[in-house]
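Hi there,

Here is the structure I promised to pass on.

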Amino acid sequence: MNTLKEAVQALVARRADWHLNSVRSTGSLKGSATSEVKMTHRSHNSKPRGRQNRQLASAQTGERLQKILAGSGYGSRRQCEGLILEGRVEVDRKVVVELGTRADPSVQDVRVDGEAIPRLKLIYYLVNKPPGTLSTNRDPAGRSRVIDLVPDGDQLFTVGRLDRSSEGLILVTNDGDLTHRLSHPRFGIEKTYVVEVHGHLTDQKLKQLRKGIHLAEAFAQVVRARVKRSSKNSTTLEIILNEGRNREIRRMLARVGHKVMGLKRVALGPLKLGEIPVGAYRQLTRDEVRALRRISATTSRSQPSQKKSSSTRRRT
């Protein structure tokens, strides 16, 4: 009897063990399924891999498309914005017309008019512009241009402009980003001019130039103006601007009653014209390029009373 009772107890115990193991196994399987579901869920929500991931990141953190184009020699940023708006620019074979679009040409295919943008070697020339030479890249009349004075000029452009009658320092480059920073009034890059005028300027007229004068399109004022020397019939001035409206110096001086007889730009920020002959050019040194980049990255206009003009390339 005892033996039978023990046999029954042993059978019950084995069935209990079997049931417990089944529960554990089922739980483990459920846990594995849950884990697999979680892993699948994570994989569906993870970021794209490889090139697709890099392209997505470029669209969010890359450089603005007009800046990329300007740095590849397609003109100033304003000119490159025009290319985008005209539908001539593609990113990864898709036409882009949004000015805020960002891209990274190292991982994305950026094209203009169907051709991949080149990786240009940046060139910087300082030119002593002669009077009578045009700063524009295009002239239907075929007159002498500043870009004709340097090698491969048709692939370059001037940084800002000097009017046809003016002379002196002007940069020629294919660096569109630096051109934008040196030309746009927002960055307030100082430009120094030596100006010869008919007659003699009084202290009151010099103060008026510093205080500001209302021109047709905006309020204009010089940063500094001083007399360098005077002769019987003329005065030579040093004038510093941090903007560059169309023929601004000539118009301001005309408003105070003096005609400009000669105008020469002798400095652009830290860059000096020096003794370079009229019509000649030289390449900038690395230190000069760094200095221009540094000042254009840190300088900004701090004169709220001035009304900024919309144009980025002006003649003075």
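Predicted model: local features only at pLDDT ≥ 70, side-chain atom pairs only at ≥ 80, totals over all residues.

Helix α7 covers residues 248-255, and its buried residues are E248, I249, R250, M252 and L253. These pack against several elements, including α6 (203-211), β14 (234-241) and β15 (260-268). After α7 comes G257, which has a positive phi near 90°.

R250 is also worth a click: R250 makes a salt bridge to D163, with 3.0 Å between the closest N and O atoms. This pair links distant parts of the chain, since D163 sits in the loop between β8 and β9, 87 residues from R250. R250 is buried at 14% relative accessibility, and D163 is buried at 2%.

Another salt bridge joins the side chains of D175 and R293 (2.4 Å, N to O). D175 is in the loop between β9 and α5 and R293 is in helix α8, so the bridge ties together parts 118 residues apart in sequence. Salt bridges with shared partners also join R77, D177 and R181 into one network. In the whole structure, the search finds 19 salt bridges.

Finally, take a look at S234 in strand β14. With 8% relative accessibility, S234 counts as buried. The S234 side chain makes polar contacts with the side chains of E196, at 3.3 Å, and S231, at 2.8 Å.

Best wishes

Technical notes:
Residues numbered from 1 in each chain as written. Heavy atoms only, no water. Buried < 20%, exposed > 50% of the residue type's maximum accessible area, 1.4 Å probe, protein only. Helix = DSSP H or I, 4+ residues; strand = E, 2+ residues; numbered from the N terminus. Contact = heavy atoms within 4.5 Å. Polar contact = N/O pair within 3.5 Å; in protein donor to acceptor, adjacent residues only side chain to side chain. Salt bridge = Lys/Arg side-chain N within 4 Å of Asp/Glu carboxyl O.
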